[in-house]
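Subject: Structure handover

Hi,

Here is the structure you will be working with. Please open it next to this email and follow along.

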Amino acid sequence: MNLSRIITPLPSHYATGRAPALLLSLLLLNAAQAQTAQQTAHQTPHQTAAPAQAAPLASLLIQASAENRSLSFDGVVEAVRQTVVAAQVAGAVQQLDVKAGDAVKAGQILLRIDARAADQAASASEAQAQAARAALHLAERELARQQQLFKQQYISQAALDQADSQFKATQAQVNATLAQLGVSRTQTSFHVVRSPYDGVVAEVPVALGDMAMPGRPLLTVYAPDALRVTINLPQSVVARLSPSSPLTLEIPGAPSERIKPTTVQLLPVVDANTHTVQMRLGLPAKLAGLSPGMFARVWLSGQSTESTERSPSSPNAQTSRSSATLLVPRSALVKRAELNAIYVLDANGRPLLRQVRLGAVQGEQVEVLSGLSSGERIATDPAAAARIR
């Protein structure tokens with residue numbers, strides 16, 4: 001920059017004292033003006049550029065359907081064969097070979113109870129049985145001699161009858177002693193607890209040294225190859241059921257979202273307190289990741305929900321008074337772990353993420369039980385909606 005064009009010659013009376021200060025002020029002022037002009041030049045293209053137009057967001061207007069809504073009932077996964085193995089004799093737990101979660105075979109030893117007293121009682125019974133056998137052998141030989149003497153007419157009929165009676169009494173005593181020996185051996189076998197069938201140990205409520213008493217639970221074993229879901233249905237719903245009513249199961253953690261039961265059993269007894277009927281639905285074999293106690297939900301499709309609501313008699317029923325059904329595309333769902341959500345457009349067209357509760361799946365659509373109302377508009381492309389701020 002040529003400073004000679006900006007700085008004019010100074011009068012002679014400024015040559016001393018004020019000249020350097022004035023020159024410095026002019027230089028600083030010129031530099032500030034030049035910097036301001038440069039910033040304005042850089043900002044001008046951004047201010048004059050036209051804003052980019054965003055692509056329109058694909059959306060869908062939700063309208064209620066007049067079809068019957070599916071009913072859902074909460075249930076629990078149970079084992080068809082589940083056994084609580086209890087103690088039959090008293091004694092301290094001396095050996096514990098399994099823990100919860102172990103797979104066991106039929107007849108496998110699970111634990112042992114102190115059997116010293118039972119072994120001694122069995123030994124005493126064995127000794128008594130040997131003595132009874134010896135007495136029986138002697139009575140048998142005595143009867144044979146008396147019979148020979150009777151044939152030779154050396155003894156009377158009364159003497160022969162007495163020998164025969166003594167033999168029969170000794171024989172009965174031997175049978176009683178052998179029966180007592182069998183009882184002692186059976187009691188001894190109760191001190192060894194074995195698995196009743198191939199299965200999995202579900203619970204072990206005892207530890208080494210605990211005192212086992214008759215009737216006290218020691219272990220719980222179940223067969224994992226035969227599971228079922230149990231639910232309680234209100235009697236009003238049972239009255240509308242038919243053999244052709246479609247039933248599907250939903251179990252969080254199962255390999256498939258919807259499971260078709262293999263068997264359906266409706267118990268013929270109504271609970272007098274809750275006025276519900278128990279239904280048992282068999283699960284397909286070899287479903288991975290299932291165990292007794294897991295939560296399950298059963299869907300009854302094509303059932304009218306008019307005048308049906310959550311009540312004390314059917315606390316697990318998930319229904320509403322309206323028979324209208326809201327269906328949304330499955331591709332519009334946003335899943336985060338156990339959370340299901342949908343982008344709902346507000347009055348200004350901005351997508352807002354909202355949690356919803358889902359119902360039965362119908363092809364490429366899924367029913368929304370709560371969180372969405374008829375007349376609202378949703379975004380059908382969750383990825384595009386998430387980019388809008």
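Strands here are DSSP runs of E with at least two residues, helices are runs of H or I with at least four, and both are numbered from the N terminus. Two strands count as paired if DSSP finds at least two bridges between them. Strands of a sheet pair through backbone hydrogen bonds, either parallel or antiparallel.

Strand E6 (residues 109-113) runs antiparallel to E7, with three bridges joining them. Leu111 has Val193 in E7 as its bridge partner.

A note on conventions: residues are numbered from 1 along each chain as its sequence is written. Because the model is predicted, local features need pLDDT of at least 70 and side-chain atom pairs count only at pLDDT 80 or more, while totals for chains, interfaces and linings use all residues; side-chain values use heavy atoms, leaving out hydrogens and water.

Next, another sheet. This open sheet has four strands in the order E3-E10-E8-E5, with antiparallel pairing. Its edge strands are strand E3 (82-86) and strand E5 (103-104). Five bridges link E3 to strand E10 (residues 217-222) in the antiparallel sense. There, Gln82 stands opposite Tyr222 in E10.

Now the whole chain. It has five helices and 23 strands. Of its 389 residues, 32% are buried (under 20% relative accessible area, with a 1.4 Å probe and protein chains only).

How confident is the predictor? The mean pLDDT (confidence in each residue, from 0 to 100) is 80 for the chain, and 79% of residues reach 70 or more. Over residues 1-19 the pLDDT is below 50. That stretch has nine contacts (heavy atoms within 4.5 Å) beyond near neighbours in sequence. Residues 21-26 are also below 50, with two such contacts.

Last, the largest pocket. A pocket is an open set of points on a 1 Å grid over the protein atoms alone, where a 1.4 Å probe fits, with protein on both sides within 12 Å along at least five of seven lines; lining residues have an atom within 4 Å of a point. The largest pocket has 24 lining residues. Nearest its centre lie Glu250, Lys335, Glu338, Asn340 and Leu358. Strands E15 (295-300), E19 (339-345) and E21 (357-362) each give two or more residues to the lining. E21 gives the largest share, four residues.

Best wishes

Notes
Buried < 20%, exposed > 50% of the residue type's maximum accessible area, 1.4 Å probe, protein only. pLDDT = per-residue confidence, 0-100.
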